[in-house]
There are 2 protein chains.
Amino acid sequence: MAKRFSTDTYVNGILSGDRVLLSRAITIVESKLPQDQDLAQEIIANVLPHSGNAVRIGITGVPGVGKSTFIEAFGNYIIKQAGKKLAVLAIDPTSQRTGGSILGDKTRMESLSVNPNAFIRPSPAGKSLGGVTKATRETIILCEAAGFDAIIVETVGVGQSETAVHAMVDFFLLLMLAGAGDELQGIKRGIMEMADAIAITKADGTNADKAKLARAEYQNALHLYPMSASGWLPKVSTCSALQQTGLDTIWQTIVEYLKLTQKNGYFEKKRREQNLLWMYEAIREGLEENFYAHQQVKAQLATIAEQVKHGQKSAFAAAHELLKLV
Amino acid sequence: MAKRFSTDTYVNGILSGDRVLLSRAITIVESKLPQDQDLAQEIIANVLPHSGNAVRIGITGVPGVGKSTFIEAFGNYIIKQAGKKLAVLAIDPTSQRTGGSILGDKTRMESLSVNPNAFIRPSPAGKSLGGVTKATRETIILCEAAGFDAIIVETVGVGQSETAVHAMVDFFLLLMLAGAGDELQGIKRGIMEMADAIAITKADGTNADKAKLARAEYQNALHLYPMSASGWLPKVSTCSALQQTGLDTIWQTIVEYLKLTQKNGYFEKKRREQNLLWMYEAIREGLEENFYAHQQVKAQLATIAEQVKHGQKSAFAAAHELLKLV
């Protein structure tokens, strides 16, 4: 195990904006060791009153949409034009690379990664989706306490991670490519309806007209959607990271969204609901973890599941049988 | 407590298509009494090998869309034209009427309710969503064992019940009204993307042209959606229960869907996944039920939840604290 400092050292370091101590604290949050988990909870409890002041932005899109390039351009825009300190976190439970993730390849965000007002942290490796989302949510708290007032949480739009990201951010941005519709097949159903905004990427060169057309199509489609509880009508725009166009529109959209939802109370309400949601989620995960780790359950689950799958035993009889074992 | 027969009496009654014993068995499935629950599981275990042979159709739509009228017309069509025996079940956890539900008012399906090939069962009263869905899922098994080879599960498109219905049927039909978009606001986000077909209702008289227009709009919007794992592209059509038009198209769509998914293996795969899903759901519900019923948890939950909501305690620290109590 790497060297550990006292809780105070981490807390003071984070509150003074020390990036090295912030990084190390995140490593502790990501650690599976019980003593690290205790230390992590102590650090979090201490910095918690200093968190919550950032705008939390979720960004998703299938591979090929140009997510890294977009985040680099948009991140630099946010820092330069909006005067923000930006942390970029990633949720990518599918990543198998050691210590790696969609953000692991630093060269993909070259200029952002050396910007003193940016802090980039790849997805924790070797964790389940539940583990990744827990770590990311706690990392948001640490980054906010360290003075980062804009947080981008990046994810790949192909799995279950979007729902988790959606539940930890204020604003959810979906990146899309213009095209014949085929490229959408990688996006999981349900994600479009979570979006507060859609940005059509790579709207440059010969692609510009297609992007404009796609924009109109999506805006029409979104009009058919049910109104969100926030009272916000999702916006669609085009952008080009290459030509640095459309980034201002997207940021303006986020600012407008914040203005509306902070005024009508939805922003605060959503944050509170998210906090509670994560508590109930953590309880559920804890209960299930203990249950499925139980010796008797482990011994019998596979056989019973097979019977249920093939209709030889009803789902509820099986559950009843397994619950009796613990 | 009402009189109970032996397990064999219910089982033999159900298998011979006795509607009175089927109804009584459903009442036992819906009962909260522990001895009834044991009896229910015995009945289900015995009839389970005779279930699974119906096409299970979920139907949803906001109040005002004409759901009852549609189901009456469509149900009569299925019985007469497709030669099916039809059971209509309802999931409506919001209903507060005693013994009642969206289907409680029998006069709303007058001709279907007296059809010897139809069996109508309202949503069980006084139950949580989890309780309602469990009862409905087990009722599907009983109805199939009693020889009903088409099952309609009806729900109101405004709550969480659609996800539950979607997870227990083969085909999910969304009813929509033509109009300016406002009427959609009652439909919960995410439901449109679950639909295997959308039917625009009340496409008659002065409404016919509007319905045709809406049909084209929704078909376009659905093209922008990600492809379903079934390989099926959702269809949009118009219908009129009043003029009995469009019902054949909807039934034909269901037949096509079954043909495609039974051929490509998705149908069987989905059924198996649904079985497993319900087992894991039942386990989760059982675990949570025990946890939240625990004296210590009950005593402290409200205070801790309030702290989490207002950011005074982190979600994970709170969960940890509560989990330690049991």
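In helix H10 of chain A (residues 266–293), Arg272(A) and Glu268(A) sit 4 residues apart, about one turn of the helix. These two residues form a salt bridge, with the closest N and O atoms 3.5 Å apart. Side chains of opposite charge can pair when their charged atoms come close. Over all chains of this predicted model, a search of the whole structure gives 20 salt bridges.

We turn next to the sheet of chain B. This open sheet has 7 strands in the order S3-S2-S4-S1-S5-S6-S7, and the pairing is parallel. At its edges lie strand S3 (118–121) and strand S7 (235–238) of chain B, each of which pairs on one side only. On average, neighbouring strands are turned by 20° against each other, direction ignored. Strand S2 (residues 86–91) of chain B runs parallel to S3(B) and is joined to S3(B) by 4 bridges; here Leu89(B) stands opposite Arg121(B) of S3(B). Helix H6 of chain B packs on this sheet, where H6(B) touches strand S1 (55–61), S2, S3 and strand S4 (150–156) of chain B. The direction of H6(B) makes about 175° with that of S2(B).

Helix H6 (residues 129–145) of chain B also packs with helix H10 (residues 266–293) of chain B, at an angle of about 140° and with the axes 12 Å apart. H6(B) is therefore oblique to H10(B), and the crossing of H6(B) past H10(B) is left-handed. On the H6(B) side, the contact is made by Gly130(B), Thr133(B), Arg137(B) and Glu144(B). H10(B) contributes Arg271(B), Gln274(B), Asn275(B), Trp278(B) and Glu285(B). By type, the residues of this contact of H6(B) with H10(B) comprise 1 nonpolar, 4 polar and 4 charged.

Across the two chains, helix H12 (residues 315–323) of chain A packs with H10(B) at an angle of about 45°, and their axes are 8 Å apart. This angle makes H12(A) oblique to H10(B), and the two helices cross in a right-handed manner. From H12(A), the contact is made by Ala315(A), Phe316(A), Ala318(A), Ala319(A), Leu322(A) and Leu323(A). From H10(B) come Asn275(B), Trp278(B), Met279(B), Ala282(B), Ile283(B), Gly286(B) and Leu287(B). The residues of the contact of H12(A) with H10(B) divide into 11 nonpolar and 2 polar, with no charged ones. Asn275(B) and Trp278(B) of H10(B) take part in the contact with H6(B) and also in the contact with H12(A).

Methods. Residues are numbered from 1 along each chain as its sequence is written. Chains are lettered from A and ligands numbered from 1 in the order in which they are written. This is a predicted model: local features need pLDDT of at least 70, side-chain atom pairs count only at pLDDT 80 or more; totals for chains, interfaces and linings use all residues. Side-chain values use heavy atoms; hydrogens and water are left out. Axes are lines fitted to C-alpha atoms, for helices over the stretch in contact, and angles run from 0 to 180 degrees between N-to-C directions. Angles under 35 degrees count as roughly parallel, over 145 as roughly antiparallel, 65 to 115 as roughly perpendicular and the rest as oblique. A crossing is left-handed if the near helix is turned anticlockwise from the far one by less than a right angle, and right-handed if clockwise. Contact means heavy atoms within 4.5 Å. Ala, Val, Leu, Ile, Met, Phe, Trp, Tyr, Cys and Pro count as nonpolar, Asp, Glu, Lys and Arg as charged, and the others, Gly among them, as polar. Two strands pair if DSSP finds at least two bridges between them. A salt bridge is a side-chain nitrogen of Lys or Arg within 4 Å of a carboxyl oxygen of Asp or Glu.
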